[in-house]
Amino acid sequence: MAGVSLGVLPLTAAATAGAGQLVLAALLGIALIILLITVLKLHPFLSLLFGSFVMALVAGTPLIDAFSSFTKGLGSTVGGVGILIVLGSMIGELLIRSGGADRIVETIISAAGVKRLPWAMALIAFIIGIPLFFEVGVVLMVPVIMMVARRTKQPIMLLALPALSGLVVLHCFVPPHPGPLIAIDTLGANLGLTLGIGLLIAIPTVIITGPLIAPRMAKIVSNHALNESRDEEATTYENQPGFVASLLIVLIPVALMLLHSIFEIGGWQIAGLTTVVAFFGQPLVALLSAVIYGMIVLGLFRGKSFSDVSNIIGGSFAPVASVLLIVGAGGGFKQTLVDSGIADVIGGWLASLPISPLLAAWLVAVFIRVATGSATVATITAAGIAAPLALEMGSVELALMALAIGAGSTFLSHVNDAGFWLIKEYFGLSVGQTFKTWSVQTCLVSVLGIIWILLIHLVI
């Protein structure tokens, strides 16, 4: 019976609760989470759990099913993003313990210089972010960001924000990321044209929301643990790997996923090869390949025993345990919002507003993103709602609408977004600091995106 009630939960809640009740439920749930975390200092996992429970009840979900959507969302988030986080943590641990991260940092510092490090971080993230999911890019960049911050005695967010900007901008504007591809397919836009305009928009957006604003935002954050560690003596490594060997553990998953994306976009069908490329291009397989490479090249080939390498891998689990639970809880809260029907209520209302179709599509994505915390859900729903508005549009306008939806889908990452908790936990921020840095940055990316889109529409 439990399986039956779970299956009909979204339809039941949406059918029995009015629009006002659903919106009220979302507001109460989010307000409760913020209150529990910021005022009562309750752990985010429990805060998200209680907020989801209250929201489900107010939305009209039967008491017996109040946690059904939460557990479903938690399971799917941990099963998807969670595995990638664990594998990324293994890569980070191998990089650090072998001395590979230190080698990368030394090379970056000597090439870029301290003053240009924020620009270097933005460029690196922009390049590796083209084929990567946002979460994968984050877990790959974190060890490098941490090491550079320690070695150069720079504020961690001065380097983190440019890197995050490069990753999130690519995620919402440039195919083959799933969001832009979904919008392109739904609206019938031209992929090549959308890709070209997307890159044109992405470059100035990364510059403004990364290196240019990072110095101001870095002053908001005071990371005492990091400051204390800067006074430690530099670690010496035996048989330290070279720059190329160290960098390959990051580039291997990038290359595998990029190759898979090229095959997909090009529609190439080569007997046997296409299947192999598709297999190794999956994020999980690509990251696992990098872990195996690291175990061999950064571990066994450097004089470590298999037991030593296994201990390094085992040491990567504990640091991400809390991250996994909090990110999973964010996914559970998001699923409760989705199943309640809130996205449909808000999206339907915005679609009826007498404004520019591009701005309307952006607003639909913005409101669904804020309500659900999911860029993918916002993109899918907004594209579906905006599709009728796009029937009479030309190729350029269709591309711009797809990008407008992508811009809206990244607006205001907050407590119901798994990415919010990912950034908070990885960089040791408080909830307030995460709002003042990461949340503000996502708003700027979204607003600048729609501004560029409307300007291009006026010119072309």
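Analyst: Ser 409 sits in the loop between α21 (395-408) and α22. Helices here are DSSP runs (H or I, at least four residues), numbered from the N terminus. This is a predicted model, where local features need pLDDT of at least 70, side-chain atom pairs count only at pLDDT 80 or more, and totals for chains, interfaces and linings use all residues. Residues are numbered from 1 along each chain as its sequence is written, and side-chain values use heavy atoms, leaving out hydrogens and water.

User: Is Ser 409 buried or exposed?

Analyst: Buried means under 20% relative accessible area, exposed over 50%, partly exposed in between (1.4 Å probe, protein chains only). Ser 409 has 3% relative accessibility, so it counts as buried.

User: Which residues does Ser 409 touch?

Analyst: Contact means heavy atoms within 4.5 Å. Not counting residues up to four places away in sequence, Ser 409 touches Cys 172, Ala 365, Arg 369, Ala 375, Ala 378 and Thr 379.

User: How far apart are Ser 409 and Ser 446 in sequence and in space?

Analyst: They are 37 residues apart in sequence and 7.7 Å apart in space, C-alpha to C-alpha.

User: What span does α17 reach?

Analyst: The expected span of a helix is 1.5 Å times one less than its number of residues. With 23 residues, α17 reaches 34 Å from its first C-alpha to its last, close to the expected 33 Å.

User: How many residues of α17 are buried?

Analyst: The count is 17 of 23, so α17 is largely enclosed by the rest of the structure. Just after α17, Gly 341 takes a positive phi of about 90 degrees.

Conventions: Helix = DSSP H or I, 4+ residues; strand = E, 2+ residues; numbered from the N terminus.
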